Amino acid sequence: MPIYMDRHDVSETVTAEHVAKLHQQDLKIQDQFGCRGLTYWFDDNRKTAFCLIEAPHEEALREMHSFAHGDVPHRVIEVEPSIVESFLGRIEDPKKAQNTGLNVINDPAFRAIMVIDIKLLTLTKGDLARFR
């Protein structure tokens with residue numbers, strides 16, 4: 001079954017706890033839509049939330065969100081699980097850090113990628129003279 005990542009642009013008043021509650025509402029009804037909510041990320045600075053959901057098609061994901069809490073995503077893309085895991089580190093909810101009923105994840109999913117390009121350089125006689 002395909003995996004989708006959706007993006008929600010949320011208001012300034014939304015917190016990580018609020019997004020965790022929305023995620024829990026999705027999990028309660030996901031089976032009705034043939035979906036499986038894998039995890040989510042919340043970026044408090046940018047006020048965006050991202051959900052990773054296994055679904056038969058994009059419309060099932062949108063219907064699930066709409067029915068669960070009405071907060072439908074602004075954008076949905078199909079993703080490759082191995083790529084998501086490579087860049088974001090996980091494709092499942094992390095284990096609870098504390099013994100609480102609500103697993104609040106405040107992780108922006110914003111990553112920096114460093115690229116190092118090493119080229120083999122050869123020195124000519126003229127270069128050797130300069131370095132002496």
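Which residue in β3 does D9 stand opposite? D9 stands opposite T48 in this strand. The model is predicted, with local features requiring pLDDT of at least 70 and side-chain atom pairs counting only at pLDDT 80 or more, while totals for chains, interfaces and linings use all residues. Residues are numbered from 1 along each chain as its sequence is written, and side-chain values use heavy atoms, without hydrogens and water.

**View 1. The four strands form an open sheet.**
The order is β2-β3-β1-β4, with antiparallel pairing (strands are DSSP E runs of at least two residues, helices H or I runs of at least four, numbered from the N terminus; two strands pair if DSSP finds at least two bridges between them). Because β2 (36-43) and β4 (75-79) stand at the edges with a single partner strand each, one side of each has no neighbour in the sheet. Strand β1 (residues 3-9) pairs with β3 over seven bridges.

**View 2. A nonpolar core of twelve residues includes F33, C35 and A60.**
Such a core joins buried Ala, Val, Leu, Ile, Met, Phe, Trp, Tyr and Cys residues through side-chain atoms within 4.5 Å. Helix α2 gives the most to this core, with four residues. Leaving aside neighbours within four places in sequence, A60 is in contact (heavy atoms within 4.5 Å) with F33 and C35.

**View 3. D26 lies in helix α1 (residues 16-29).**
D26 is buried (under 20% relative accessible area, 1.4 Å probe, protein chains only). D26 has no salt bridge (a side-chain nitrogen of Lys or Arg within 4 Å of a carboxyl oxygen of Asp or Glu). The nearest side chain of opposite charge, K28, is 11 Å away.

Conventions:
Buried < 20%, exposed > 50% of the residue type's maximum accessible area, 1.4 Å probe, protein only. Lys, Arg positive; Asp, Glu negative; His and termini not counted.
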